[in-house]
2 protein chains.
Amino acid sequence: MRQSKLFTKTRKEAPADEVSKNAELLIRGGFVHKEMSGVYSYLPLGLRVFKKIENIIREEMNKVGGQEVLMSSMQPKENWEKTGRWTGMDDLYKVADSSGREVALGPTHEEIVVPILKNYVSSHKDFPVVVYQIQNKFRMELRAKSGMLRGREFIMKDMYSFHTGQEDFEKFYEKMKEVYKTVFTRAGIGHLTYLTFASGGTFSKYSHEFQTITPAGEDTIYLDEENGVALNKEVLNDEVLGQLNLSKEKLVEYKAIEVGNIFDLKTKYSAPFDLSFTDDKGEKHVVLMGCYGIGLSRLMGTVVEALADDKGIIWPESIAPFAVHLLMLGEDEAVLKEAEKVYESLNKAGVEVLFDDRAGVSAGEKFSDADLLGMPLRAVVSARSLKDLSSGGIEIKKRTEEKGKIVSLDELLKIYVR
Amino acid sequence: MRQSKLFTKTRKEAPADEVSKNAELLIRGGFVHKEMSGVYSYLPLGLRVFKKIENIIREEMNKVGGQEVLMSSMQPKENWEKTGRWTGMDDLYKVADSSGREVALGPTHEEIVVPILKNYVSSHKDFPVVVYQIQNKFRMELRAKSGMLRGREFIMKDMYSFHTGQEDFEKFYEKMKEVYKTVFTRAGIGHLTYLTFASGGTFSKYSHEFQTITPAGEDTIYLDEENGVALNKEVLNDEVLGQLNLSKEKLVEYKAIEVGNIFDLKTKYSAPFDLSFTDDKGEKHVVLMGCYGIGLSRLMGTVVEALADDKGIIWPESIAPFAVHLLMLGEDEAVLKEAEKVYESLNKAGVEVLFDDRAGVSAGEKFSDADLLGMPLRAVVSARSLKDLSSGGIEIKKRTEEKGKIVSLDELLKIYVR
C-alpha cells in the first residue's frame, strides 16, 4: 500500500488523557482511534494487525476441532437470571428499549452458548463439542486506563467445550494449554508468556492463566524460570507451593498481563439450563464444560507494551501490518524510478509492503515514522543507497537491529520468496 | 466437513413466534439461532455463508479504494448531540454505566467516522478518502418480525466517502451504483435486484436504493422492466415520472426488499464537526460526503426469501456454505469405502464438501435435509448408484434441477477443477 493513499498519519502526541504506553503508541501511529475511555476504533493499520492475530487464533482453534459461530451481543435477561448473573455481575451493561424491556450486552457468552447447544445435543454420541467465536464484548469498567489492555468494548476469542466425563474434559483442557502456548508463540510473545496458576473460584482448585511479563501488567506473578511455571500472587502460599513442588527461594516477582485464561466450569452453566445427555445405559447426566478466552485487543496491546522500544512499536513478523516498510528518500528521478520498481516487484512477489512514497516529507520524518510504525524490515531507496548500486542499491535494516546493509532487489526478494 | 461432527442438526419446526420464511428456513437448517425478536446468532453453516458474503463485499469495496476500519459500537453522547440525533433518532439504543453516564450503541457511524477523519485530513491533497467497515449495528426495532430482514442487532457494511467537490462526489457515486450491481450479481440475486429511486430526505432530490423483488418485501416498488429502473412507491408521482422519462402504464408493482442504499449526504455530518479542507488557494471549505450501506444479515435473508422453493433453501454457488453435499446412503462396506474416497478426493482438490456420513439416518431423511440445507450440488453414493459403477458410481443432482445423472469421480472433480 502507498502511504500517500493511507488516510491516517502519524501524530506527535496522543490525547492528553491517554496514560498507557500501548494506546499512546497505537494512537500516535494511527493504528487505533480513541472514542472514549476503554473504547477504541481500529484504523487500517490496526485492523491489519488485528486480522493477523485473528487468523492465527482461528487456525489453532480449528485444529482442535473448534466449530466457529458468531453469537449476538444482545442477550435475553431471562438467561442471565437463570445463572444468577443478572444481578450478580457488577460489570454487566444493561440496555432497555422504549417499552422498558431490558437485555444484557454480552461480556461473555455462557448464557447464550449453553441454550444453543441444548437445541442440538442430547446423546453421549453428540459429544465432545467445541464451539468458539471471535466477537466484541462489553464490560462496564469504571477505570479503563490501560489502553487496549482493559476495555469497555473489546474483541475476544471465547471458546466453550462440552464433555460427558471428567477424563475427556481433562484431556482437552491439557491440549488447550499447549494450543495457547502455540498461539502466543506465533504472535511473537511466547518467550515472555508463562502458564500461571491462579485461583479457581468456587469449583476447581486452580484456574490457569497465561501471563506475559511486562512492567505495565496489572497482575503480579511469581515465576520459577527453571520450570517455566508461574503463580499468580493471589495463590502464593505454602500449601500451593508444596502441591506444585515449587520452592519460594527460586521464585522471581514480575508484573504481567493476563493474555489468556482457561477454566474448568464443571456444571456451573450447564446445570441451570439443564444441558444434559443420556449415556449408553439411557441414564441422564449434566454436561461438563470448559471455557477458554483470549482477548484479541488485549493481545495487540500486550505485544506493543512488551516489545516496543523508545522509538516506537516493534511488530513480530507474524502480526505486522506489512512485512516491509519501503522508504523513498528525496525526489530524484532515479530514486523515484528505482523505488517504484522495488515496490512493484515486492507486490508482485506477494510481499506486503507499505511504501512511503510521500513527497515533501523529510528523510528524518520518514525514518522516525518507520520506527514508530514498527514494520519488521525497513528498506530505503535514496540517492545515497543508489551510489552503492554495484552492491545492490537498497539499504535494508531490521527494526530490531541498529545497523543496516546494502542489498540488491533480488537479495531482498529472496528473504521472502523461497 | 463431516455432518456427523457438525454440532447443529436440522429441525422439523422453527420457534412458534417466527413468522418469516427466511428465519424459519435458516433456523430449521441450523444456520442461525434466534436469541430474541430481531436478534440471531450465526451457527457454523450460517457463518460460512456470512463470511462468503463478507468476502465478496470486501473485494468490491477494496477495488474502489475503500480503506477498511472497524469502529466501535459504543459512541460518545456528545457526538450524537452535535448532529442532533441524540434526541432526533427514535431507534437509537442508549446505555448507561453505573455512574449514569450514557453512550449510544451505534445504529450507523457518521458520528464516529467524521471525527476520526478530522484527525487526519485537512488539505485538498488528502482527498478523496473512502472508508468502510463490516460491523454489527443496533437499532431499536419495536416490531422485528421479518427474520434476518430487519434486526435489532445486525451486521452491515457501511462505507463513507469524502470529497472536495460535487463533481468528484458524483463520479464516485455513479461508480458505486455499478459496484453495488456487481455485489448483488455476485451474491446470486442480480437478476431480481433493481436500482430504485427513493425519496432523498432534506438534502438531495432522490436517494438510490437497490431493491430485490420478492413477496416478503416490506417495500412496494414500480418497475420499468424494459429500462431496468424502479421507483419506490413513496416517490411515485407525475413530476418524478416526467423527470425520469418513465410512463406509468409500463410500470409493474412488486413487493421488494431494500438490500442496499447509497446516499448523498452533502455536508449534513461534516458541517457539525467542521470537517473541512483548504483548497489550493488556501481557502477553507466543508467536506462533501456520501454513504453506502449493505446489510449483510439482510442480504443473507433476502437470498433465502427470493430463491428458496417449498423444499428448502437454494444457495447460489458463490455464497453456499459448501459447494457439494455428499450423501452416503446405507452402510454397506462398498458404499462406505466409495463415499470416503469421494470425500477425500474432493477435499484434496480443494472443493468444499459437507459429507453426510451419519449412521442410522434414513435415505429419505438425508435427501430432505439436503434439500433444506440447499447446497448447489448433491452427490449420492449408495448401493444403487454403485450398480452403475461402469458409468461412474456417483449420482449427482443440482439443487435447482429435478433429475440427476450418474458420473465418475473424475467427472465430478472436473466440474470444480480446471
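1. Helix 9 of chain B, residues 333-348, lies across strand 17 (324-328), strand 18, strand 19 and strand 20 of chain B. Its direction is at about 165 degrees to that of strand 17 of chain B, an angle that counts as roughly antiparallel because it is over 145 degrees. Helix 12 of chain B, residues 409-416, also packs on the sheet, where it touches strand 19, strand 20 and strand 21 of chain B. The direction of helix 12 of chain B makes about 30 degrees with that of strand 20 of chain B. As the model is a predicted one, these angles describe the prediction.

2. The sheet itself. In chain B, five strands form an open sheet with mixed pairing, in the order 18-17-19-20-21. Its edges are strand 18 (353-356) and strand 21 (405-407) of chain B, each of which pairs on one side only. With direction ignored, neighbouring strands of this sheet are turned against each other by 25 degrees on average.

3. One strand pair in detail. Strand 19 of chain B, residues 377-381, and strand 20 of chain B, residues 394-398, are paired in the antiparallel sense over four bridges. B:Leu377 has B:Lys398, in strand 20 of chain B, as its bridge partner.

4. A helix pair in chain B. Two packed helices are described by the angle between their axes and the distance between the axes. For helix 1 (residues 21-28) and helix 8 (residues 296-307) of chain B, the axes come within 8 Å and cross at roughly 100 degrees. Helix 1 and helix 8 of chain B are therefore roughly perpendicular to each other. Helix 1 of chain B contributes B:Lys21, B:Asn22, B:Leu25 and B:Leu26 to the contact, and helix 8 of chain B contributes B:Gly301, B:Val304 and B:Glu305. By class, this contact has three nonpolar, two polar and two charged residues.

5. The contact between the chains. The contact takes 40 residues from chain A and 40 residues from chain B. On the side of chain A that touches chain B, at least two residues each come from several elements, including strand 1 (32-36), helix 2 (44-63), helix 5 (110-118) and strand 7 (129-138) of chain A. Strand 2 of chain A provides the largest share of that side, four residues. The residues of the side of chain A that touches chain B divide into 24 nonpolar, ten polar and six charged.

6. Overall architecture of chain A. The secondary structure of chain A comprises twelve helices and 21 strands. The domain assignment gives domain 1 (21-307) and domain 2 (324-416) of chain A, and 40 Å separate the centres of these domains, taken over C-alpha atoms. Along the principal axes, the C-alpha atoms of chain A fill a box of roughly 80 × 60 × 45 Å. Of the 418 residues in chain A, 48% are buried. Among contacts in chain A with a separation of 6 or more, 69% are between residues 24 or more positions apart.

7. A loop residue. Is A:Asp97 buried or partly exposed? A:Asp97 lies in the loop between strand 5 and strand 6 (102-105) of chain A. A:Asp97 is partly exposed, because 15 other C-beta atoms lie within 10 Å, whereas a buried residue would have 20 or more. A:Thr87 is ten residues from A:Asp97 along the chain, and the C-alpha atoms of the two are separated by 19 Å.

Conventions:
Residues numbered from 1 in each chain as written. Chains lettered and ligands numbered in written order. Predicted model: local features only at pLDDT ≥ 70, side-chain atom pairs only at ≥ 80, totals over all residues. Contact = placed C-beta atoms within 7 Å. Nonpolar A, V, L, I, M, F, W, Y, C, P; charged D, E, K, R; others polar. Pairing = 2+ DSSP bridges. Axes fitted to C-alpha atoms, helices over the stretch in contact; angles between N-to-C directions. Domains from an automatic or database assignment. Parallel < 35°, antiparallel > 145°, perpendicular 65-115°, else oblique. Buried ≥ 20, exposed ≤ 12 C-beta atoms within 10 Å, placed from the backbone.
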